[in-house]
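Please open the structure in a viewer and keep the sequence beside it.

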Amino acid sequence: MSRWLDIIENFLASLFSNIKLVEKGLLGLEGSYVELLTILALGLLAVIPVMVPESNRQRWRHVNQIFGIAIFIFVVFTCLGVFGMIRNFYRGLHEIGRENIIALYYCSVPVTILVTSLLFGPAFCGWICPTGALQEFSGFITRKWTVPWKKAGYPFSWVVLTMALFAAAVFLLWMYRLSMTRLFFIEDSSIYWSEVLIILLFILVFRMKQWDARLRRLRYLSFLIIVFGAIMSLRITSPVHFGFAKVYDPASFLSTVMVVLAAFTIPMVWCRYLCPWRCVIAWAAKHSVRSIHFDSSKCITCGKCGEVCDLDAVKNGIIDTNECHMCYKCVDTCPAKCFSIKDNWKK
Amino acid sequence: MILPTIWARGMKNNASSPFRFFPFLIVFLHLVLLVVSSKRGWMPPFEFFSILLFVSNCVCAVITINRKVNVTMLSAIMLIIAGHAVIGHRIAPDSLTSGAILMVNILIVYVGFNIYTFLSGAHFAVFAASYLVLFYIFIIQMENAEALFILSLMGLAATARKFSLISYFWALVASFTVFQPYPWQSLAILFLIITVILSVPEEDRSPVFFIFLVCGLALLFFVLFPVFVLVFNEDVRSLINVLKVHDVKMALMRTMVTATLSTIILGVFGIPFSYVLSRVKFKGKTLIMSLMDIPIIIPQSAAGIALLRVFGHNQVVGEFFLRVFGIQFDATMLGILLAQVFVAMPFMIKSAYTAFCGVPPDLERCACTLGATRLSAFRRIALPIAARGICIGAVLAWARAAGEFGAVLFIAPYPQTAPVVVYNRFLSLGIVQTAPLVAALIIFSASLFFLLQISARLLPDIHSREDKA
Amino acid sequence: MKSSFCLCDVSAVFGSFSLGPINLRIDTGDYLVILGPTGCGKTSLLRCIAGTACQSGGSIKLDECNLSPLPPYKRRIGLVTQMGDLFPHMTVRENVEFGLSYIHGSRKEKMKKTDRYLDLFSLTHLARRKAGTVSGGEGRRVALARCLITEPSVLLLDEPLGMLDHNGRQSMMSTLNMIHKGLNIMTIHVTHNRHEAWHLGGRCAVMNKGRIVQEGSASDLFRAPKSKFVAEFLGGENIFSAVFSNDTAYVSWGELPLTSMPVFEKGYVVIRPERIRVSQVKNKSNFKGVVESIQDCGAFMECRVRVNGSICLVAHTGIDSSDEFRIGTAVYIDWTDNALHCIAE
């Protein structure tokens, strides 16, 4: 058996002998496997959404999300943080032609996510993104209050206000404690983002219905800020930097806490209003091959799809690709099976 | 190994046949084989690829039962996996690298098959040719660029199905490889050009238009390239630093103030004049119109010397002004203003003239019959309708005045305006020290110019509606 | 108060084209329609009256006041041009209000007046629209309102119905009637379309080559044109040059008996098509012909009959006549006595 294998191997190798082989392993900074692992892992994760059985898809998704968090907790240098991706992409493009391995190292994550989003839809957001996962898991806890709040069309609610007040109190206390020991720089910008989150929370508690759509445009602003920061080579830390980069800096830990607390109040608040990477994904999603199709003839207008969507991306079956995370919740809950996942290569 | 055939065998069974669990049998056999082979030492135990092969076999088994996937494609993918298993460690020194390559290869096969099946031959040809060219560029042409090859293949996989996307992709690749020293510059210009070409509507896509467009865009590239190189090559911090230099800051301020003042002067004298030109026929009108072009025709240095010859403090007119009013033109702000007004005049008057020509004189006549005097008809009818054209002209004149160098240098080399500062800096410090200043100037004036242009265009465009009616 | 508006020997020169001398007189409540072919100087005349073009001689008098030396904004003559000439950068309301800003009065009154005029011309719903966006008919109404709000003593209308579709025409026509009857303002209406003259009634004047050729009521002009030009312009057909003697007009194709002998010897004779009878039965007719074409014109049939092989007579026959005649049918032609009209050369 092994003899035959050797023969086949030698034959094949002789076929390819005139082609230059990869001399060194494609190891990035300090010999880490980070970039290759991300390509492999993201590739797998992108395939899984279609592979998993439909019956228990949401459970599989949560497993996938936990897996995503687990992977990226160990990813030390390339941070999957929403800011890191943009900054790294810029840096990686800059290194092309100088240090190709480093270019791969910086570009691998954003390129993989972009490519998978262009082909398989924005499943990264719903199935992998650790920030999103964190928010979704924290959103489970307060579902009891947020779901009826949403059903009622986001009126003013004391419960939500209390939660927002609590988040604000945590923020202010923490800031007070921090301010006694350190000065803040632009690098501590995660603080500013959490500030914005708090302000947003209060706006939304009172005026969610009117301001929701308009505030979603803030994403473009934060995208511009990050791009500008990348060009200016400012290191703006991501609000969830702490969890994924082994940088134990209290400011970024605070902002991680803030994202979680804010997500208690309003599900997926970061993804809705602030995520800069979402701008890029939304562009990719618009051009993606895979999309969720809605068959209006089957629809019984029960409105369950809109109820179940954390992002308010579905309204009577019409999916807003700008917002959709491809979590397939609407697909799975639809009693009339109106939704189907389709690959349209001609699009 | 023998997987593809066996697995294809599994495909043939229909749902009711007892063979439908055949793939699971294969997976089981594979597991047995794995264990046995590792026990016997045929393969290293838990070698990356044997595990990967096993996993992919499982996946295939599941898919075969679901039967949703193109069989040929799946066999090709399986073949690639098998091939990697056999020669993988020869291509790459470690299994992870090999695994990444395998991943990308699978992606390429998946996309390639789908393009072949669902899209036209042209798409597939572009896809295949792109693959080969990428291979040539990264593997044969560049040293140690396998990493980039992997990245670019992923990009290709994502973009190959749309001509628009793949053209952007190629712009990216080309600017970072072929135009290497200036990647960002060429990227910006190429993106601009591609966007222009792609946005041409379907019905206008004739080869002639296309060639003409490309000719013009090539020219544009030639013009834009140096500008972009200068702008993008500078570090943002050095730009900000150079703007903090006192001389530069003052010069910028001075340029802005003088350019604005000269535009205002031109507006006050030029707008009524061009109104009269557009409304009244008289002898010598053509002559006046062509004389207006003199500041454009003559070289700037000549203009400067001409001004100096008349308004210099030891010339007749200059001396008169100095004696009577105590005004000196050379080497003062007034001199700068004089030079700027001189060179910017045609821009202001010509565009105001065109704008007023676009206002039907009947409108003013009508206003007159309604009780408006000529002046009031001008103020309430002609001026608002022509405002947009006049504003765009004023912006042009402003830009011309702010950028004036030759004439200003001769009549008022000091106090320095921004272009003069650039020149002096270049003389004393050389090109390297001047570049950030120039970049800052370009960014500053370009952004201001576009801002003004946009705000001028925000004024209502009345003529298009007139035409429609 | 009765007032009158006179043009006395008004003349003007525009390059190679010379206008006038023109004499016209209208009194309060008159509606004068000036008819003329394109390029006959109608618009120039209006512009002279309004003062936006210079006149070279004569005087324009309103009652006893000579307007000629006054600039246009002091004449108080309203001019509505052919395209309306709305100010495109203003809203409809601002357009209507425009003239008021040159008249003394309180702000409140002006607002009220604007509202009243917008209402009068049923423009209230358009008041906030930009003038460039309203349709042709609405635009004319706006122009009219804008003009009339200044209460001019004379209203000049330059082709107010030109280039309008049917609906626009109808509404404009009723608006004009409303102005004529309701506001009782001296109006000069210029047009090249004779149907407008009939519809709007009043007095008519026909212009040609810068001069007024004939003046009178619409029906007079139509029935008794004084020159070949007027006859042709007002839609006359069957005009033949003739020599008159012995109560007979001698034309190239025959002799036509006349009821009354004209004072001139040479000229033209016009046979009204609607007075011509065409039949297959010979009663007292002297002319025989062959039907050359029959065209359905809705209310009547236009039947062309070739007489004596060379001349075509146009006759308006009843709508059933296509059953009676076919192309090529031999027919007899005769006409009532008053069908013939003689014109001096």
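This is a predicted model: local features need pLDDT of at least 70, side-chain atom pairs count only at pLDDT 80 or more; totals for chains, interfaces and linings use all residues.

Residues are numbered from 1 along each chain as its sequence is written, chains are lettered from A and ligands numbered from 1 in the order in which they are written, and side-chain values use heavy atoms, with hydrogens and water left out.

**Chain A**

Select chain A, whose secondary structure comprises 17 helices and 4 strands. Helices (H or I, at least four residues) and strands (E, at least two) are DSSP runs, numbered from the N terminus. Of its 347 residues, 55% count as buried; buried means under 20% relative accessible area, exposed over 50%, and partly exposed in between (1.4 Å probe, protein chains only). Among contacts in chain A with a separation of 6 or more, 80% come from residues 24 or more positions apart, a contact being heavy atoms within 4.5 Å.

Next, select Trp211(A) and Arg214(A). The charged end of Arg214(A) sits over the ring of Trp211(A), 4.9 Å from the ring centre. For this description, NZ of Lys or CZ of Arg must be within 6 Å of the ring centre and within 35 degrees of the ring normal.

**Aromatic rings of chain B**

Rings of Phe, Tyr and Trp (its six-membered ring) pair if their centres lie within 6.5 Å; planes under 30 degrees apart count as stacked, over 60 as edge-to-face and the rest as tilted. The count over all chains is 33 aromatic pairs. Select Tyr131(B) and Phe149(B): their ring centres are 6.0 Å apart and their planes stand at 70°, so the pair is edge-to-face. This pair links distant parts of the chain, since Tyr131(B) belongs to helix 6 (residues 121-141) of chain B and Phe149(B) to helix 7 (residues 146-159) of chain B, 18 residues apart. Tyr131(B) is partly exposed at 24% relative accessibility, whereas Phe149(B) is buried at 9%.

How are the rings of Phe221(B) and Phe225(B) arranged? Their centres are 5.5 Å apart and their planes lie at 15°, so this pair is stacked. Both residues are in helix 10 (residues 207-232) of chain B, and being 4 residues apart they are separated by about one helical turn.

Then select Phe311(B), Phe320(B), Phe321(B), Phe325(B) and Phe329(B), which form one aromatic cluster.

**Chain C**

Select Arg146(C) and Phe87(C): the charged end of Arg146(C) sits over the ring of Phe87(C), 4.5 Å from the ring centre.

Now display helix 5 (residues 136-148) and helix 6 (residues 166-183) of chain C, whose axes come within 10 Å and cross at roughly 20°. Axes are lines fitted to C-alpha atoms, for helices over the stretch in contact, and angles run from 0 to 180 degrees between N-to-C directions. Residues in contact include Leu144(C) and Leu148(C) from helix 5 of chain C, with Ile179(C) and Leu183(C) among those from helix 6 of chain C.

Finally, select Asp9(C) in strand 1 (residues 4-14) of chain C. Its phi is near 50°, a positive value in a residue other than glycine, and Asp9(C) is partly exposed at 43% relative accessible area. Arg76(C), in the loop between helix 2 (72-75) and strand 6 (77-80) of chain C, likewise has a positive phi, about 55°, although it is not a glycine.
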